[in-house]
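User: I'd like to go through this fold with you before I set anything up. Could you start with the terms you'll be using?

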Amino acid sequence: MNDELQKWIPTDEVAGFQVCLGLYGNYGATVLQTAVNFTVHSKGAAFCELLLFHRTEEEPYAVLRFPEHFKIGDVYSMMVFGLDIGEFEYAYRLGGVWDREQGLLFDENHILLDPYAKAVTGQSVWGKKVNEKGYRARVVRNDFSGEKSGSQRFPWMSRSFMRCTSADLRRWQKMLSTRGHLQALRRKSLSEGFGS
């Protein structure tokens, strides 16, 4: 697949950014070698705009309207070249009909969080909204690789869990599926040193 991704080249320019048709199966924002792929689904939208923000700014520094030929059915998808994922946040703005009875509530004055976002910004203190204009997303690099194993592939997973036998895993699964799974898990790990 990496050979295929290297073949992507810009075909259009939108708001000063080089773009091309995106990968429709990758919902959300996906980092590729030379571009970031943005894909979002919206039933009934007349248009979709990608808003790019500097991390500390409330107003977007760029507004990229998805070209009509970058839309298939209800899915908008576009690759944007030349973005540094550490330097921006993003959101969407959708336009269309306002018809409450049909459930169509498009309002061009609202920015919308990517429903497929992997990282959300806009609230650093619980209960206190920092950005009054809404939440935004950040692009996250997926560094998982099938070539690594154990704790290298899953650094968040404890080593003791990695040493569990299949019988241990079946006990874990049974325990987690019960109603009081959290209490049972805590009791078992404290009393038996489970997995260590």
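Analyst: Two strands are said to pair if DSSP finds at least two bridges between them, and helices (H or I, at least four residues) and strands (E, at least two) are DSSP runs numbered from the N terminus. This is a predicted model, in which local features need pLDDT of at least 70 and side-chain atom pairs count only at pLDDT 80 or more, while totals for chains, interfaces and linings use all residues. Residues are numbered from 1 along each chain as its sequence is written, and side-chain values use heavy atoms, with hydrogens and water left out.

User: How do β5 and β6 pair, and over how many bridges?

Analyst: β5 and β6 run antiparallel to each other, with 4 bridges between them, and A62 in β6 is the bridge partner of L52.

User: OK, which residues touch the most other members in the largest nonpolar core?

Analyst: That core has 31 residues, and F38, L50, L52, L64, V80, Y90 and V139 touch the most other members. At least two core residues come from each of several strands, among them β4 (35-41), β5 (45-54) and β9 (88-96). A nonpolar core is a set of buried Ala, Val, Leu, Ile, Met, Phe, Trp, Tyr and Cys residues joined through side-chain atoms within 4.5 Å.

User: What does V139 touch?

Analyst: Not counting residues up to four places away in sequence, V139 touches A29, V31, V36, F38, I85, F88 and Y90, where contact means heavy atoms within 4.5 Å. There is also a second, separate core of 6 residues, which includes C20, L32, A35 and F81.

User: Switching topic, where does S42 lie?

Analyst: S42 lies in the loop between β4 and β5, and it counts as buried because its relative accessible area is 9%. Leaving aside neighbours within four places in sequence, S42 is in contact with D74, L94 and F106.

User: How many disulfides does the structure hold?

Analyst: The structure holds 0 disulfides, a disulfide being a pair of cysteine sulfur atoms within 2.5 Å.

User: And C48, buried or exposed?

Analyst: C48 is buried, with a relative accessible area of 0%, and C20 is likewise buried, at 1%.

User: Last one, what does the secondary structure of the chain come to?

Analyst: It comes to 5 helices and 13 strands, and buried residues make up 34% of the 196 residues in the chain.

Key:
Buried < 20%, exposed > 50% of the residue type's maximum accessible area, 1.4 Å probe, protein only.
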